[in-house]
Amino acid sequence: MSRIDVRKTYKLYIGGAFPRSESSYTYEVLDSKGKFVANAALASRKDARDAVGAARKAFGGWSSRTAYNRAQIIYRIAEVMEDRRPQFVQAVSQSEGLSAAKAGGVVDEAIDRLVWYAGWADKITQVVGNANPVAGPFFNLSTPEPTGVVAVLAPQDSSLLGLVSVVAPVIVTGNTTVVVSSYERPLPAVTFAEVLATSDVPGGVVNILTGSAATVGPWLAAHMDVNAIDLTGIAGDAGLAADLEVAAADNLKRVRRAPAAEPDWLLDPGLEPMTAFLETKTVWHPIGV
Amino acid sequence: MPFEYAPALESRAIVDIKPSYGLFVDGQFVEGHGTPFKTISPATEEVLAEVAEADEADIDAAVKVARRAYDRVWSRMPGRERAKYLYRIARIIQERSRELAVLESLDNGKPIKESRDVDVPTVAAHFFYYAGWADKLEYAGRGDDPQPLGVAAQVIPWNFPLLMLAWKVAPALACGNTVVLKPAETTPLTALLFAEICQQADLPPGVVNIVTGAGATGQALVGHPGVDKVAFTGSTEVGKAIARSVAGTHKRVTLELGGKAANIVFDDAPIDQAVEGIVDGIFFNQGHVCCAGSRLLVQESIVDDLLERLKSRMSTLRMGDPLDKNTDIGAINSGEQLKRIRELSEVGDAEGAERWEVACDLPTKGFWFPPTLFTGVSQAHRIAREEIFGPVLSVLTFRTPAEALEKANNTPYGLSAGVWTDKGSLILKMASSLRAGVVWANTFNKFDPTSPFGGYKESGYGREGGRHGLEAYLK
Amino acid sequence: MSSTPTILEDVTGSEASLRRFLHGLPGVDQVGAEARAAGLATRSIKTSAKEFALDLAIRMVDLTTLEGQDTPGKVRALSAKAIRPDPADPTCPSTAAVCVYPDMVAVAKETLGTSGVHVAAVATAFPSGRAALDIKLADVRDAVEAGADEIDMVIDRGAFLAGRYQHVFDEIVAVRDACRRQDGEDAHLKVIFETGELQTYDNVRRASWLAMMAGAHFIKTSTGKVQPAATLPVTLVMLQAVRDYRAMTGQMVGVKPAGGIRTAKDAIKYLVMVNEVAGDDWLDPDWFRFGASTLLNDLLMQRTKMKTGRYSGPDYFTLD
């Protein structure tokens with residue numbers, strides 16, 4: 001008789017811990033062929049609230065780490081992912097219905113993207129900051145700073161590469177985040193959370209909720225302690241996007257708008273995914289004796 | 001015998017205010033179809049002119065004209081040619097600077113020394129700066145071929161009427177956009193004089209359109225579906241309404257909103273300069289400044305000494321006729337604003353803060369409020385949290401740098417902050433930890449076309465000025 | 001005998017305590033101080049205010065000649081001019097003083113007589129101050145004995161810049177002692193910093209306090225022999241010092257910018273600054289002076305313009 005395997009309980013990732021949903025609700029996750037894979041935690045508004053609290057708590061420490069340190073940690077995520085590559089290939093293949101070879105290509109791309117973003121940590125300030133030659137005896141310097149707590153609605157289709165492509169640019173600059181994973185393809189996000197938990201990423205910097213962007217999104221969009229929101233995960237749902245933009249206006253969240261369709265994640269991301277969640281601070285000081 | 005300064009009035013003869021003004025659309029002044037309104041001098045309540053109100057049809061016409069000018073002329077014009085138009089405008093502003101300054105002081109109530117020495121020179125500098133960008137956009141760090149957005153709807157406030165126009169119009173035009181701009185209803189005159197300057201510069205018709213009116217006109221403009229970009233400076237409340245109104249559209253938005261800036265004075269500060277910075281911070285432009293240093297945070301060990309110096313300095317402020325060259329504090333811009341300042345000050349009294357104001361005779365006509373400070377203010381007081389937008393300073397104390405930071409950042413706003421200390425590393429610590437878009441260290445309320453300006457949190461998003469200011473008008 | 005106020009006696013007790021005190025004074029931010037001075041300079045003084053200011057400025061002038069080529073004739077002519085700056089207009093006030101080298105004091109005194117115009121003498125090895133203390137003191141006593149009403153001394157800038165504050169302090173105290181007369185009509189002491197050599201506003205502020213604590217009646221910017229001499233921001237810092245000194249000790253000290261003030265327009269800027277920074281108590285020749293030579297004629301020209309309504313020319317005013 002063959003051995004009965006031990007299955008994993010897929011949970012949320014909040015403040016560096018893996019809790020069940022506060023509501024204890026779960027939902028069935030099916031593979032691309034419609035076969036039951038696992039029960040995922042269904043995040044509630046209270047989970048979103050807890051995650052925002054954890055992200056806020058982590059913000060001060062994460063944003064004040066040196067860029068070099070953040071770079072090393074993001075690179076460390078890539079290292080640990082590489083180490084667990086087969087598991088990710090399997091998860092992506094199962095979730096997205098890709099062949100092992102294609103899923104492998106996606107995982108490689110996701111790891112490489114983390115490496116790419118890791119390098120940005122100590123360069124983005126140099127690229128988007130500015131010394132300003134004001135017409136007077138003043139030193140004047142503009143530097144980018146992280147916006148704060150960023151809610152991210154992760155893409156629905158690209159469960160890993162898409163996820164990495166919206167999370168990495170947010171945290172590399174010092175923001176902390178609450179991510180709502182793909183609803184139908186949440187399992188790679190949970191595995192990714194397990195990587196984060198073992199990659200020197202401080203608890204609370206990334207919080208991952210599995211569940212519905214349509215359900216949790218409005219709570220995050222309206223939350224007064226969230227500074228920005230990325231609506232990529234509701235691409236194509238113009239009605240919901242407009243509603244969330246309206247809710248986001250209550251505290252003037254920076255909004256990265258929902259595209260008409262999910263983008264091609266293989267393209268060069270450019271700077272925009274990072275600059276969307278940066279503030280420019282300009283400091284003046286007199287020059288004299 | 002005291003040294004009494006005799007009146008030193010700047011002549012009004014240089015300005016020619018017409019009895020009535022239309023809208024500026026397609027390079028010409030045209031009639032508006034709303035209900036005309038009067039603009040007054042807030043110092044005397046004298047009616048200066050009647051101004052047309054743009055209704056929805058007028059807005060529609062202006063946006064269509066701007067679209068046509070964008071499609072047919074401005075977006076196709078090589079950057080170096082656009083640049084020359086902007087340089088022309090900058091030069092004409094310099095040539096007509098005294099006229100602009102007098103008109104600004106008349107319509108706004110601000111002292112002539114500020115309109116003459118700050119507002120108008122900075123306006124010219126702003127056009128000059130962005131003129132130079134028009135043919136260099138591919139070097140702005142936004143790709144090899146950055147493109148304009150289209151038609152920009154721009155709504156500006158009454159505190160720096162012409163300067164806010166410059167902050168909006170100069171980068172928009174440099175990047176190849178056309179604009180429909182609405183000045184505030186209490187201060188439309190310099191924008192209408194700017195329209196004349198566009199005519200003198202032979203700017204192609206439709207590139208700059210100026211529509212006058214109040215909130216409804218602004219709403220119609222911002223909400224017009226033909227608009228690609230909305231730029232607003234004003235209250236956080238209206239900013240939020242605009243953010244809601246553009247939800248689900250393709251319109252790009254920048255918002256420059258309110259503030260409640262902390263001006264933090266440590267015990268080792270260069271004290272005389274700190275006093276000047278406090279005065280500049282809250283009494284410049286009657287405190288009608290979104291980035292005003294309206295919360296003074298003083299280290300407890302020097303609070304008595306500092307307040308004594310501050311009060312003595314405040315007593316030398318000269319309040320009165322905005323056209324008098326020796327006036328430091330002019331008129332409050334409107335009866336409505338005066339009412340708000342009075343109400344919030346009364347809340348300060350009621351909440352137990354102690355009011356001190358400069359003893360001075362207020363003119364009987366016009367809108368006036370003396371330079372005022374409140375001591376005994378705590379973070380919970382409304383006068384420590386809400387933007388008063390007037391010459392009213394709330395004084396709080398702190399004991400340690402950490403407490404100063406905590407108090408300074410404890411606000412939904414994040415536009416600006418000030419720090420005063422002789423200790424370099426403390427300045428850098430404070431500057432990097434303050435959640436505000438502009439930090440003035442050992443100075444305050446400095447502005448420059450090359451220096452990006454804009455807020456964190458509920459003070460809005462986007463930057464105006466500098467290379468960063470181009471971002472708002474390019475894709 | 002020390003004239004240091006009781007409240008500051010602890011400060012002047014030792015080199016260490018002097019240093020602690022002077023270096024504990026609030027710093028001066030150069031850019032902010034210069035911006036404040038420039039802001040005050042934009043005041044527009046017209047009509048009655050200008051008439052008031054011009055006459056006041058004339059009354060504050062220490063009409064100065066400090067040249068190797070000075071002769072009794074020159075000093076007599078200058079003194080005559082100090083008494084009646086505008087011979088054509090008897091309402092024109094006299095200047096505060098004439099300022100000469102010690103060897104010319106007697107000549108000046110003789111011409112000025114009982115006019116009320118003081119004789120000020122630069123002493124202490126003016127302008128460099130590079131001499132032994134007993135020679136400096138002899139220089140001072142010589143001028144005092146010759147009848148000088150006021151002594152303008154220079155501080156030892158070398159010692160000041162080397163941080164030897166006690167040395168500078170002791171010299172000022174010694175010079176003030178040398179200003180005494182048997183009859184009790186002591187000469188008033190003005191202490192010149194030569195701010196162009198001190199260079200920073202922090203130094204100007206420290207020198208101001210040092211001199212005031214040592215008993216200066218006046219603090220003075222410059223000798224006129226070093227550029228830059230008096231400037232608005234330097235004078236601003238000194239006016240802040242005398243204001244703060246009075247707030248602490250109750251004692252008033254005068255301020256004298258000297259050198260480089262050539263036009264009535266400039267002089268009026270200084271008066272505005274006195275008015276708004278130190279306060280109108282200082283708007284008096286007892287508490288504010290201009291060390292100048294050519295300034296007087298411009299004040300007179302502007303005064304004539306105010307009275308006649310037309311611009312005057314230099315040919316109408318004496319060149320002494």
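In the domain assignment, chain B comprises domain 1, residues 20–257 + 457–473, and domain 2, residues 262–441. The model described here is predicted. The C-alpha centres of domain 1 and domain 2 of chain B are 30 Å apart. Where these domains touch, 21 residues of domain 1 of chain B and 26 residues of domain 2 of chain B take part in the contact. On the side of domain 1 of chain B, the elements that contribute two or more residues are α3 (97–108) and α4 (112–133) of chain B. By residue class, this side of domain 1 of chain B holds seven nonpolar, seven polar and seven charged residues.

In chain A, helix α3 spans residues 85–96 and has twelve residues. From its first C-alpha to its last, α3 of chain A reaches 16 Å, close to the 16 Å expected at 1.5 Å a residue. Its buried residues are Phe88(A), Val89(A), Ala91(A), Val92(A), Ser93(A), Gln94(A), Ser95(A) and Glu96(A). The buried residues of α3(A) pack against one strand, β2 (36–41) of chain A, and against the helices α2 (67–83), α4 (100–120) and α7 (187–197) of chain A. After α3(A) comes Gly97(A), which has a positive phi, near 70°.

Chain A also touches chain B, with 27 residues of chain A in contact with 34 residues of chain B. On the chain A side of this contact, β4 (138–146), α9 (238–248) and β10 (278–286) of chain A are the elements that give two or more residues. Of the elements on this side, β10(A) gives the most, with eight residues. The residues of chain A that form this side divide into 13 nonpolar, nine polar and five charged.

Three bridges join β10(A) to strand β17 of chain B, residues 438–441, and the two strands run parallel. Within this pairing, Trp284(A) has Trp440(B) of β17(B) as its bridge partner.

A further contact involves chain C and chain A, and five residues from chain C and five residues from chain A take part in it. On the side of chain C that touches chain A, one residue is nonpolar, three are polar and one is charged.

Terms used
Residues numbered from 1 in each chain as written. Chains lettered and ligands numbered in written order. Predicted model: local features only at pLDDT ≥ 70, side-chain atom pairs only at ≥ 80, totals over all residues. Helix = DSSP H or I, 4+ residues; strand = E, 2+ residues; numbered from the N terminus. Expected span 1.5 Å × (residues − 1). Buried ≥ 20, exposed ≤ 12 C-beta atoms within 10 Å, placed from the backbone. Contact = placed C-beta atoms within 7 Å. Nonpolar A, V, L, I, M, F, W, Y, C, P; charged D, E, K, R; others polar. Pairing = 2+ DSSP bridges. Domains from an automatic or database assignment.
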